[in-house]
Amino acid sequence: MPNAGWWEALWPDPAGVLAGVGVKPNMTVIDLCSGDGWFTLQIAKLARHVVAIDIDANLLEVARHRLRESNATNCDFVVGDAYELTRLWPHPVDFVFLANAFHGVPDRERLARSVHDALAPAGLFAVVNWHQRPREQTRILGEPRGPRTELRMSPDQTIEAVEAGALKLIRVIEVPPYHYGAVFER
Ligand SMILES: C[S@@+](CC[C@H](N)C(=O)[O-])C[C@H]1O[C@@H](n2cnc3c(N)ncnc32)[C@H](O)[C@@H]1O
């Protein structure tokens, strides 16, 4: 998990990212691999309910603290492995949001299937990824940031991996300066 200073500089408008991928007020949303809750808080402000899921209990505690400080009560926090979504949250959801994590998933088709099974019919899955640019070129506050160059995925690679899990692409958006968002439907 990156430290907050440059993360805040990179994401000055997390609510705008969420609106861009289609999170809406009436939705129940899973923030998958939620980390310290940077996006979770904004989802809580925008949507009906958010479930933050992460394998790292310490980061989830930071997220819990962040949301409590903002008086957000429409949220749950679940420690666990993203491959086991339906066991971790056995209620169909309208939206699964996954930011800055897909490049590190060893079995992406398995993850996509897990998301598929967690979604209600016509539910949406958004993957927000770093563009496949050399790390040296993705500079924030004067330093190269983000995953190693060789881990980064193009939109086409992301689409192929997610569609292998039986989800269908509906659109790709730009998330400047260094990201894209791919949105899929069950
Ligand atoms: C770079 S952080 C991104 C956090 C957050 N999505 C954001 O964009 O601010 C990646 C997160 O994925 C989590 N993670 C890694 N493998 C996981 C797994 N198998 N299941 C659930 N979470 C996982 C890590 O603990 C970490 O919090």
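In which helix is the place of H116? H116 lies in helix α6, residues 108-118. Helices here are DSSP runs of H or I with at least four residues, strands are runs of E with at least two, and both are numbered from the N terminus. The model is predicted: local features need pLDDT of at least 70, side-chain atom pairs count only at pLDDT 80 or more, and totals for chains, interfaces and linings use all residues. Residues are numbered from 1 along each chain as its sequence is written, and side-chain values use heavy atoms, with hydrogens and water left out.

H116 is buried, because its relative accessibility is 17%. Buried means under 20% relative accessible area, exposed means over 50%, and partly exposed falls in between (1.4 Å probe, protein chains only). The side chains of H116 and D117 are joined by a polar contact of 3.0 Å. Such a contact is a pair of N or O atoms within 3.5 Å; within protein, one must be able to donate a hydrogen and the other to accept it, and residues adjacent in sequence count only if both atoms are side-chain atoms.

The ligand is surrounded by 15 residues, each with a heavy atom within 4 Å of it. The closest are C33, D54, A82, A99 and N100. The distance is 2.7 Å at C33, 2.9 Å at A82 and 2.9 Å at A99. The protein covers 79% of the 600 Å² of accessible area that the ligand has on its own (Shrake-Rupley method, 1.4 Å probe). The shell holds 8 nonpolar, 4 polar and 3 charged residues. In this division, Asp, Glu, Lys and Arg count as charged, Ala, Val, Leu, Ile, Met, Phe, Trp, Tyr, Cys and Pro as nonpolar, and the others, Gly among them, as polar.

Backbone geometry was also examined. Most residues other than glycine have a negative phi, and most peptide bonds are trans. N100 is not a glycine, yet its phi is positive, about 60 degrees. N100 is found in the loop between β4 (93-99) and α6. N100 is buried, because its relative accessible area is 17%. A122, also not a glycine, has a positive phi of about 70 degrees. The place of A122 is in strand β5, residues 119-130. A122 counts as partly exposed because its relative accessibility is 48%. P176 and P177 are joined by a cis peptide bond, with omega about 5 degrees. P177 is found in the loop between β8 (168-175) and β9 (179-185).
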